[in-house]
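Please view the structure first, and then read on.

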Amino acid sequence: MRFALVTLAAIASIAAAVIAASPDRGPESAKVELGRKLFVEPLLSADGSVSCATCHNPALAFTDGRPLSIGIHGRAGQRNAPTVLNARFNKAQFWDGRAATLEEQAGLPITNPSEMGQASLAAAVEAIAAIRHYRREFFSAFGREMNGADLVHAIAAYERTLVSFDSPFDRFAAGEANAIDDAAKRGWELFNTKARCNLCHAPSEKQRDTTYFTDFDYHNIGIGILAHDVAGAWRTAERELAAGTLDSVDRAAIESELSVLGRFLVTRKAADTAAFKTPGLRNVLVTAPYFHDGSQATLWDVIDHYNKGDGLKDAWLDEDIQPLALTESEIDDLVAFLASLTSAQYRDLGKRELARQRALARTSRPQRDTARAFGPKPARPKPPAL
Ligand code: HEC
Ligand code: HEC
């Protein structure tokens, strides 16, 4: 009964947010329609080959299925493409939170040389303005000549409609006891207790949350930083980001080795070294591979990573990371819970993906280290000063 109340409250607050974002039904729906077209429009890129949907493909739950995204001229970036589903609920956009709004976010891939490669937002507007139906649709949506601000506004208006709940877990949380199987129920218990996932994937540890599965904060969970000369990267970042523009942070994050510094690129605080945004976990089964660098292929690999408390030699590792001593059947239960967060529209994709990951995990568990998972919590190194 408690779950039912939480979920109804959550749905009410989501509905209120959706209504608040569309005060003028007529023009707002014209903006959404225009944004829907622009999202799949390759002409927005410098050579007409890449659209937002190239990396956020609706058929793949608005991701690209690659570890790292590939933009124009086959250029690979440094980060994994997150889903755009439910991105409207993010407190900030990108793995490091460098964009405050969906509008601010949308302008950056258009001009990033490794993504859509336009010289400027104005150049993208010009490319689109060459097509008559866009001129007409912009005018009916905004009542004025095309410009960059309206372009990103239309895309953001469309993205705000990409709300995806309605998973088996939501039906369970609303009181339908058999909507998920026993393994997923055990996984949900573990998530909030022994596996300690709720320390970050919930707004508060004190109360179970069935809506967002994130604390909207940034943590270093031990992905990748150890292979780098951190002090050297700090110095390079201080130099290259001296101008402090959002564009320079965007280029560092997508195009350079500095990407590993994560939230540090935004705040320039040593404590934020290699900290990344806690992602919400809805539809996580169908948005593999995982983590900001796409380094993990399956949900089993993700949980193996947490189970051994990886990154314990990383001086900036979040204090909540420690060995978990999860057994194999507990790991399976956690995967079953995560799989239950798949929205109805991706149910078939989810079934295929779970079978694919399970088969892969049977022969390949590169992160599994049972001795460490069941070992003591090792001493932590002291962070050097910035
Ligand atoms: C070349 C691939 C590529 C293209 C093209 C691309 N994106 Fe992305 N997108 C990414 C990657 C990679 C990230 C994560 C980058 C980061 O966090 O530093 C991202 C992040 C985002 C986010 C933030 C989501 C979150 O949870 O923080 C949104 C929203 C988004 N993209 C929307 C768009 C829109 C709108 C367009 C078109 C204007 C677009 N993307 C074009 C690859 C791409
Ligand atoms: C200390 C905070 C913290 C804890 C504890 C934690 N997570 Fe995370 N989780 C994060 C952050 C931050 C990321 C993104 C890290 C990155 O990519 O560098 C993440 C990423 C993930 C991802 C990948 C999502 C994607 O879209 O790539 C999954 C799945 C996940 N966590 C599940 C879990 C599970 C299951 C547990 C419990 C066993 C757990 N997390 C415990 C903070 C945490």
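Axes are lines fitted to C-alpha atoms, for helices over the stretch in contact, and angles run from 0 to 180 degrees between N-to-C directions. Helices (H or I, at least four residues) are DSSP runs, numbered from the N terminus. This is a predicted model, in which local features need pLDDT of at least 70 and side-chain atom pairs count only at pLDDT 80 or more, whereas totals for chains, interfaces and linings use all residues. Residues are numbered from 1 along each chain as its sequence is written, while chains are lettered from A and ligands numbered from 1 in the order in which they are written.

**Helix packing**

| Helix pair | Angle | Axes |
|---|---|---|
| Helix 4 (residues 102-111) and helix 7 (residues 148-159) | about 115 degrees | 8 Å apart |
| Helix 13 and helix 14 (residues 328-339) | roughly 125 degrees | within 10 Å |

Angles under 35 degrees count as roughly parallel, over 145 as roughly antiparallel, 65 to 115 as roughly perpendicular and the rest as oblique. Helix 4 and helix 7 are therefore roughly perpendicular. The contact (C-beta atoms, placed from the backbone, within 7 Å) involves L102, E103, A106 and G107 of helix 4, together with G148, V152, H153, I155, A156 and E159 of helix 7. Five of these residues are nonpolar, three polar and two charged. In this classification, Ala, Val, Leu, Ile, Met, Phe, Trp, Tyr, Cys and Pro count as nonpolar, Asp, Glu, Lys and Arg as charged, and the others, Gly among them, as polar.

For the other pair, the angle makes helix 13 oblique to helix 14. Helix 13 contributes L299, W300, I303 and N307 to the contact, and helix 14 contributes I331, L334, V335 and L338. Seven of the residues in this contact are nonpolar, one is polar and none is charged.

**Ligand surroundings**

A residue is near a molecule if its C-beta atom, placed from the backbone, lies within 6 Å of it. Around ligand 1 there are 27 residues, of which C52, C55, F94, W95 and P109 come nearest. Helix 3 (52-55), helix 4 and helix 11 (246-255) each give two or more residues to this shell. The largest share, five residues, comes from helix 4. By class, the shell around ligand 1 has 17 nonpolar, eight polar and two charged residues.

Which residues come nearest to ligand 2? They are C197, C200, F276, F291 and H292, out of 26 residues around the ligand. Helix 13 (residues 299-307) gives the most to the shell around ligand 2, namely four residues. This shell comprises 18 nonpolar, five polar and three charged residues.

Key:
Contact = placed C-beta atoms within 7 Å.
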